[in-house]
Amino acid sequence: VLEGGAPSFASLGHDLEALQAAGRMLSEAASAGRRLIFVAMARLHRSDLAGARAVLADAEARTSPQAAAGPELWADRELRLRICDMGGFSHFAQAVVACRGFLSFLEHGVLTPEMPEQLRIGIEDVDDERYLIGTIDAARELERFAVNRGKVLDLRSIQICLGAVQSLEQALMQFDFRNSEVRRRFDGIKYTVKKLETLAYEVDLAKKRAAAASGAAVDGQTEEPPAKRAKVEGEATAIDIKILQGIKERYDHFDSLREQTYKRSRDVLKNAKNAIFALQRDDFKKADTMLSQCAKDAGSIFKEIIARSPSLRSGAFGAALEELVEALGYRAFRRETRLLGRSDLQEASGLPFSFTLPEYLGGVMDLTGEVGRLAVRSASRGRAACGDVERCLACVDTVYSGLQELPHLPATLGKKMATLKVTLTKIEGILYELALLSKGGLSVRAPAPGADPDWQQGGGKGDGKGGDGDDDA
């Protein structure tokens, strides 16, 4: 029924399988690497620094996102980011940074060493976020270390840990994390500081009680409060201010780009929706103007922002592109009764960059909703609308059947399948009702002008006495 036949979803399935295979390979390596990191962290708490260093090196050597993705997929920064997300590489990288930070603190008193190059994926905002989360996790390890040192009343070590965590807290307070994973992790630092302050106070008090009982002097006692002294000592060595300052500058720049993306993507989304509304009213000229403006605005956003920060594509910009895919698909269906494949839709868009697979699939799934509305409006014409409704059914059924052939759907699209099936069922129901009309199953006629309904129901035209003429009864 569709002009040009139904587009093939086979190539989309191959792309999904390639991504899934790369993500699965990376996930297995990252899981094994994280288990080794836990072993290394346990050895650090047992003061086995040499053993922990060896296990850490083994974990880093085994886990390589570039090897899992392969050169072709790794060359695309957006696919690179998706594979790392699918494989859980972020958790591995954060664990490595935490282990390295704790090791560096035990060896040199520095909590913020340089991030290893093999942990970087080449997307600065993502790399910086992983480094910050890993550093915060390293600070949490200092809490455990301080508790163990408190068992032997090692006040000096507890004070140094307290100073390091206080310095990190002060440095991170200069950031504007918004509502993100880093923000949630940062909120936990204050509890670490409170725990260390309590440890320092309790151990100091225990040492004073022991000294008072024996009459000896208390080691490390000064005129200044322990927390203040530890804060001054920790600021000089525990935190590398240059590293955190560079991250802050990049983070502020990224935050500015994110705000621009949100604001400018709303224009693309709005114009795409208006194009759909125009197509519903058969105003093709206005729809073409809107879609042309969408392509221009989206191309500008991609060139100025998304090309440098691919992580911003999955939010407002990705939603706007899904809406654009829906509008372009609806225009093709209304004009040519076609369902555009991915390559055909890309050509029709005029964009200087490609739609991602989730954007195309999400837009096509949303398209079925508009086609379903068209079927409902067409059905108001009665029997004459059967052909139009059948074409609407063919479009929705093609999408539904094609999606069933895919090995899996991207994570964000699974919830749309239920809505798609409801649309398919509704159009089938409309065709059933139209079939009843077209086969003469229902026959409804209005009474002739001036006719008496009571007379017609009575069944006679003689004496007007009604049903049985039994007036005497």
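A pocket, as the term is used in these legends, is an open set of grid points where a 1.4 Å probe fits, with protein on both sides within 12 Å along at least five of seven lines. The structure shown in every view is a predicted model.

**View A. The second largest pocket and its lining.** About 290 Å³ of space lies in the second largest pocket of this predicted model. Its lining is made up of 15 residues, and those nearest the centre of the pocket are Asp76, Leu79, Arg342, Thr356 and Leu357. Helix H1 (10-45), helix H3 (65-75) and H4 each contribute at least two residues to this lining. Sorted by class, the lining of the second largest pocket holds 6 nonpolar, 2 polar and 7 charged residues.

**View B. The largest pocket and the helices around it.** The largest pocket has a volume of about 1,300 Å³, and of the 43 residues that line it, Leu81, Arg82, Asp85, Ser311 and Ser314 are the closest to its centre. Two or more lining residues come from each of helix H4 (77-86), helix H5 (89-108), helix H6 (124-150), helix H11 (241-280), helix H13 (316-336) and helix H15 (357-379). The most is given by H4, which supplies 7 residues to the lining of the largest pocket. By class, this lining comprises 17 nonpolar, 13 polar and 13 charged residues.

**View C. The packing of H2 against H5.** Helix H2 (residues 49-62) and H5 pack with their axes 11 Å apart and at an angle of about 155°; since angles over 145 degrees count as roughly antiparallel, the two helices H2 and H5 are therefore roughly antiparallel to each other. The crossing in which H2 passes H5 is left-handed. On the H2 side the contact is formed by Leu49, Arg53, Leu56, Ala59 and Glu60, which meet Phe92, Val96, Cys99, Arg100, Leu103, Leu106 and Glu107 in H5. This contact of H2 with H5 has 8 nonpolar and 4 charged residues, and no polar ones.

**View D. The crossing of H13 and H14.** The axes of H13 and helix H14 (residues 342-349) cross at roughly 95° and come within 10 Å; because angles of 65 to 115 degrees count as roughly perpendicular, H13 and H14 are roughly perpendicular to each other. In H13, the residues Val325, Leu328, Gly329 and Arg331 meet Leu345, Ala348 and Ser349 in H14. By class, the contact of H13 with H14 divides into 4 nonpolar, 2 polar and 1 charged.

Conventions. Residues numbered from 1 in each chain as written. Predicted model: local features only at pLDDT ≥ 70, side-chain atom pairs only at ≥ 80, totals over all residues. Heavy atoms only, no water. 1 Å grid on protein atoms, 1.4 Å probe; cavity = no way out; pocket = protein on both sides within 12 Å on 5 of 7 lines; lining within 4 Å. Points joined across faces, edges and corners; volume = space filled by probe spheres on them. Helix = DSSP H or I, 4+ residues; strand = E, 2+ residues; numbered from the N terminus. Nonpolar A, V, L, I, M, F, W, Y, C, P; charged D, E, K, R; others polar. Axes fitted to C-alpha atoms, helices over the stretch in contact; angles between N-to-C directions. Parallel < 35°, antiparallel > 145°, perpendicular 65-115°, else oblique. Left-handed = near helix turned anticlockwise from the far one by under 90°. Contact = heavy atoms within 4.5 Å.
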